[in-house]
Amino acid sequence: MAPTGQRRSSYSRRAQLSQFTGYIVAGVGALVGAVLLALSIWQPALFSGPREIASDAVSPATKTVAAGRTESKSLIDSVRGYFRAGSQNAALKREAEIARIRLKEADAVRQENLRLKGLLGLQDAENPPMAVARLVGSTAASTRRFAYIGVGRNQGVRVGMPVRSPRGVVGRILEVGADNSRVLMLTDNESVLPIRRTSDEVVAFAEGRGDGLLRIRLINLGVNPLKKGDVFVTSGAGGYYPPGIAVAIATEITDDGALGRLISDPAATDFVAVLPIFEPDAAIGAQTPIENELGE
Amino acid sequence: MERINPRSRSDTYGSRINRSHSTVLANAMPWISILLASFLPVFFIATALPLLPPTGFLLLIAWRLVRPGLLPVWAGFPLGLFDDLFSGQPFGSAIFLWSAALLAIEAIEMRLPWRTFVQDWFTAGIAVALYCLLGMAFSGAPPSLATLIALGPQIVLSILLFPLAARIVAALDRLRLRRWRTLG
């Protein structure tokens with residue numbers, strides 16, 4: 001194909017100069033971009049203002065599309081449900097019966113828990129969620145894993161609040177706009193979450209790997225007690241997340257822990273709840289660097 | 001009576017009688033389509049790993065390679081700025097990478113003015129692969145082997161989608177120069 005762009009700028013002085021200026025502007029643009037990039041890697045919250053305004057501006061569109069997406073997905077699911085309906089029905093009936101029994105047992109345990117706590121004089125108020133919202137979208141093309149939800153400062157959402165779906169933890173609020181906020185998902189490289197195994201008190205950290213899996217790192221090193229299929233819940237350490245919310249299932253055992261799969265896959269999530277910070281005092285304490293604490 | 005050719009008074013962009021190009025559309029089409037494309041990934045499902053190709057960058061490269069001369073060299077700055085608002089990358093990442101990509105393509109075009117589509121595809125493939133890799137490096141997250149492997153499907157998908165992006169650009173280009181009925 002012959003080149004279609006006008007490469008040669010003729011003898012016109014004006015055309016030559018404007019082309020030259022174009023190159024200069026492009027070079028300066030790239031330099032400015034590099035400087036901005038360095039600044040925002042150094043101070044990630046520096047440019048959150050324009051981002052929030054931009055996400056607020058487009059939130060009507062994203063919310064509508066998210067609603068449509070959820071409905072079309074449930075249609076596909078209901079069509080798929082017709083295949084294997086019979087055998088699945090029988091299996092589900094058996095499962096539901098067992099689950100009903102277990103639920104009654106859990107009721108009894110909860111009752112006993114309440115009684116024991118009453119004896120000890122412990123107060124453990126259930127925190128109702130601040131807001132319930134649709135997961136409107138995510139940064140699907142970037143290495144960073146952020147999601148957007150349709151509630152913001154006007155609904156009482158603040159930075160640091162945990163976000164959960166009916167299945168388990170989704171992430172934590174990172175930036176808040178007026179009607180829209182950005183969630184740091186668990187699979188992001190920068191996300192760290194204190195967890196424990198459901199069956200005992202083995203505590204660990206769940207770190208995002210950036211590829212959809214979690215790296216579960218044990219705090220106490222030694223003989224690795226984890227097994228495939230272990231379920232992990234939040235431990236409540238750090239003060240951000242309330243304890244006992246499902247996080248991950250171990251799928252592969254490594255030297256210092258395991259690789260885990262998310263229980264609450266964001267792709268299968270439509271509605272999420274924003275919870276208040278579990279222990280605000282502890283969360284503030286955890287933010288203070290140890291040097292400052294010693295210096296006081 | 002012999003019928004005259006019904007297409008004799010029209011060209012590729014429609015009838016020429018009482019119709020003319022829209023100046024606004026002709027100038028704004030590349031810009032608007034790239035802005036919409038960089039905003040597109042937000043609509044998609046909240047995936048646990050990066051899967052979607054960088055649609056904005058893909059369309060920018062396609063406009064630049066399929067219709068050279070429409071986008072100025074400095075277009076990477078304003079378009080990248082908009083992309084940074086929605087991409088989730090640190091602010092400035094797209095400004096830098098898009099400007100650098102346009103400058104690099106300019107240099108390539110200066111040395112290889114005669115190209116076929118396959119060569120353009122090759123250029124675009126290298127550009128998109130580098131863009132994804134550098135995007136990961138600049139994402140502010142500690143780089144690891146796992147993230148690098150997770151990038152694989154995205155890069156392959158982006159390279160395979162370039163011909164589609166080129167066809168979309170070709171269709172948009174026809175729409176850009178379409179003749180509209182003039183009033184009065």
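**Figure 1. Overall fold of chain B in the predicted model.** The C-alpha atoms of chain B fill a box of roughly 75 × 35 × 30 Å along the principal axes. Of the 184 residues in chain B, 43% are buried. Among contacts between residues at least 6 apart in the sequence of chain B, 73% join residues at least 24 apart.

**Figure 2. Helix α5 of chain B and its buried residues.** Helix α5(B) covers residues 117-137. At 1.5 Å a residue, its 21 residues should span 30 Å, and the end C-alpha atoms are 30 Å apart, which agrees. The buried residues of α5(B) are D120(B), T123(B), A124(B), A127(B), V128(B), Y131(B), C132(B), G135(B) and M136(B). An α-helix has 3.6 residues a turn, so residues three or four places apart point the same way.

**Figure 3. Packing of α4(B) against α5(B).** Two packed helices are described by the angle between their axes and the distance between the axes. The axes of α4(B) and α5(B) come within 11 Å and cross at roughly 155°. An angle over 145 degrees counts as roughly antiparallel, and α4(B) and α5(B) are therefore roughly antiparallel to each other. The crossing of α4(B) past α5(B) is right-handed. From α4(B), the contact is made by S93(B), L97(B), A101(B), I105(B) and I108(B); from α5(B), by T123(B), A127(B), Y131(B), L134(B) and G135(B). By class, this contact has seven nonpolar, three polar and no charged residues.

**Figure 4. The contact between chains A and B.** Chain A gives 56 residues to the contact, and chain B gives 56 residues. On the side of chain A that touches chain B, the elements giving two or more residues are α1 (13-42), α2, β1 (131-138) and β2 (146-149) of chain A. Helix α1(A) provides the largest share of this side, 15 residues. By class, the side of chain A that touches chain B has 28 nonpolar, 19 polar and nine charged residues.

**Figure 5. Residue I76(A) in helix α2 of chain A.** I76(A) lies in helix α2(A), residues 48-81. With 9 other C-beta atoms within 10 Å, I76(A) is exposed, because a residue with 12 or fewer such atoms counts as exposed. V58(A) is 18 residues from I76(A) along the chain, and the C-alpha atoms of the two are separated by 27 Å.

Methods:
Residues are numbered from 1 along each chain as its sequence is written. Chains are lettered from A and ligands numbered from 1 in the order in which they are written. This is a predicted model: local features need pLDDT of at least 70, side-chain atom pairs count only at pLDDT 80 or more; totals for chains, interfaces and linings use all residues. Helices (H or I, at least four residues) and strands (E, at least two) are DSSP runs, numbered from the N terminus. The expected span of a helix is 1.5 Å times one less than its number of residues. A residue is buried if 20 or more other C-beta atoms lie within 10 Å of its own, exposed if 12 or fewer, and partly exposed in between; C-beta atoms are placed from the backbone. Two residues are in contact if their C-beta atoms, placed from the backbone, lie within 7 Å. Ala, Val, Leu, Ile, Met, Phe, Trp, Tyr, Cys and Pro count as nonpolar, Asp, Glu, Lys and Arg as charged, and the others, Gly among them, as polar. Axes are lines fitted to C-alpha atoms, for helices over the stretch in contact, and angles run from 0 to 180 degrees between N-to-C directions. Angles under 35 degrees count as roughly parallel, over 145 as roughly antiparallel, 65 to 115 as roughly perpendicular and the rest as oblique. A crossing is left-handed if the near helix is turned anticlockwise from the far one by less than a right angle, and right-handed if clockwise.
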